[in-house]
Amino acid sequence: MKKKTIWTIATIMGLSFLALLFLQIKYIDEMVRMKKEQFDESVNRSLYQASRNLELNETLRFLEKDVNAANRKAHNDALDADSASVGSILPDNDTNSFENQMRRNDPASMPKVMILSNDKNSLSQASKSMKEIVRNRYVYQKALLDRVVMNILYNASEKPLQERVNFKLLDQDLKVELQSNGIMLPYHFRVTTQDGREVYRCPDYSDVGEEFTYEQPLYRNDPVNKMGLVKIHFPNMNSYIFSSIRFMIPAIVFTVILLVTFIFTIVVVFRQKRLSEIKNDFINNMTHELKTPISSISLAAQMLNDESVSKSPAMMKHIGGALQEESKRLRFLVEKVLQMSLFDRQKTMFKKKELDLNELVENVAATFTLRVEHTGGKIMTDIGAVESKIYVDETHFTNVIFNLFDNAIKYRKPDQPVNLIISTWNDEHHLFFAIKDDGIGIKKDNLKKIFDKFYRVHTGNVHDVKGFGLGLAYVKRIVDLHKGDIKVESEYGKGTKFTIQLPIIKD
């Protein structure tokens, strides 16, 4: 599949997942907002009704007080009235002043003889009498209510809040009103004056959730400085609001999991595609590289078998040298293939043994001395490690040092000698080996990638350095498997330094 097609599918799927996630979050946000608005409206309505009930209860108390006082006065007046008066009817102890007033003026309550003696034929007189009774009753009741209102205006507002408010009754009203509006949450409330002085606080009051506080004025028709405030908050309000959207949380979680899985899948697809392309390039390059030594060896064999070619000592030496060089080159290419197979194994079998790092480095350095001197350079050694014993696989670790030497020579400055500095040293627990060259160096952008498999630093249009991008990846893997560490320092145009850290063996 083409990379463009993969990118198109990935983009469409990614945008679809993001749109789905956005819609889910938007839906949740809208549900939370609506739930919050409904909750606010219900609480405010409950507070308003509770405060109104508080005012009604106070009005009823004053009304009851004045009615009782009027009843007592009417009762006393009735006892002092002339019992012989025709229009007077003694009040009952259990009747109120309104009934007394009506009995005095209601014709229906008078004896029939008296009615007939007053006016036997006059219906209009009876009608006027009834109207007079209703008017007197209205005037009396209105005066009574006016007196109650005056008492509330001039007496009730002068009392402090703690005397006016029955806090237990207020708590009951709040609970009933909240439940009637569908709110069953526990709540905490307190009552304050307008200037913030606290008058009452419920016994189990807690500051949790106090940032979401609802307020309602008490006695809002009183002067401002006489009014009170009831403040209520719900410690579990957030859980109440978000309880309505809990069913959406698993949907969001699964959507995020799918999105992450999709992104991971796309990354793996591109990585595998890149590795596949690199492997194909590697196979093509390796095939091309193998053709040269095979052709040379085949040509030398034909010359040896061709009787027409003279077999002089010089010719035999030339053919033998060619066979040896091409065999060495072929062995080197096969070794690269074996190194690549190392990365595909789940487990690597090592044949470890105790070696002396100083001796191993000096032997490899001696092997490369001729190649370095051929460029006009030299190898300088600083073997300072005292405890130089290491426990490694001899073949693989020798290849590690060999690869570092080989890279230092291959990536030298064109037509200039290469100088290498080889050093070993110890600290308390580790043994260090470093190789420093004065070659072309590595750019900072490439330093993080040089240990990646198949990665090769770009050299522009110069293709004189052969390789497959496996050498340093192989070095890194072998060092890691030996519980070591490798670091690189480089400055472009000035050279590179590789440092290997290994655990030492103490006697």
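A residue is called exposed when its relative accessible area is over 50% and buried when it is under 20%; the legends below use these words for a predicted model.

**View 1. Residue D415 in the loop between α11 and β8 (420–426).** With a relative accessibility of 79%, D415 lies over the 50% cut-off and therefore counts as exposed. Its phi is positive, at about 60 degrees, although D415 is not a glycine.

**View 2. Residue K483 in the loop between α13 and β10 (485–491).** Here too the residue is not a glycine, yet K483 has a positive phi of about 60 degrees. Because its relative accessibility is 73%, K483 counts as exposed.

**View 3. The packing of helix α11 (residues 394–410) against helix α13 (residues 471–481).** The two helices pack at an angle of about 145 degrees, their axes lying 9 Å apart, and the crossing of α11 and α13 is left-handed. On the α11 side the contact is made by H396, N399, V400, N403, L404 and N407, while α13 contributes G471, L472, Y474, V475, I478 and V479. Sorted by class, this contact of α11 with α13 has 7 nonpolar and 5 polar residues, and no charged ones.

**View 4. The two sides of helix α6 (residues 167–180).** The 14 residues of α6 should span 20 Å at 1.5 Å a residue, which agrees with the 20 Å between its end C-alpha atoms. Buried in α6 are F167, L170, D173, L174, E177 and L178; seen down the axis of α6, the buried residues fall within an arc of 125 degrees, so they line one face of the helix. On the other side of α6, K168, V176 and S180 are exposed. Just after α6, G182 takes a positive phi of about 85 degrees.

Definitions and conventions: Residues numbered from 1 in each chain as written. Predicted model: local features only at pLDDT ≥ 70, side-chain atom pairs only at ≥ 80, totals over all residues. Heavy atoms only, no water. Axes fitted to C-alpha atoms, helices over the stretch in contact; angles between N-to-C directions. Helix = DSSP H or I, 4+ residues; strand = E, 2+ residues; numbered from the N terminus. Left-handed = near helix turned anticlockwise from the far one by under 90°. Contact = heavy atoms within 4.5 Å. Nonpolar A, V, L, I, M, F, W, Y, C, P; charged D, E, K, R; others polar. Expected span 1.5 Å × (residues − 1). Buried < 20%, exposed > 50% of the residue type's maximum accessible area, 1.4 Å probe, protein only. Arc of directions from axis to C-beta.
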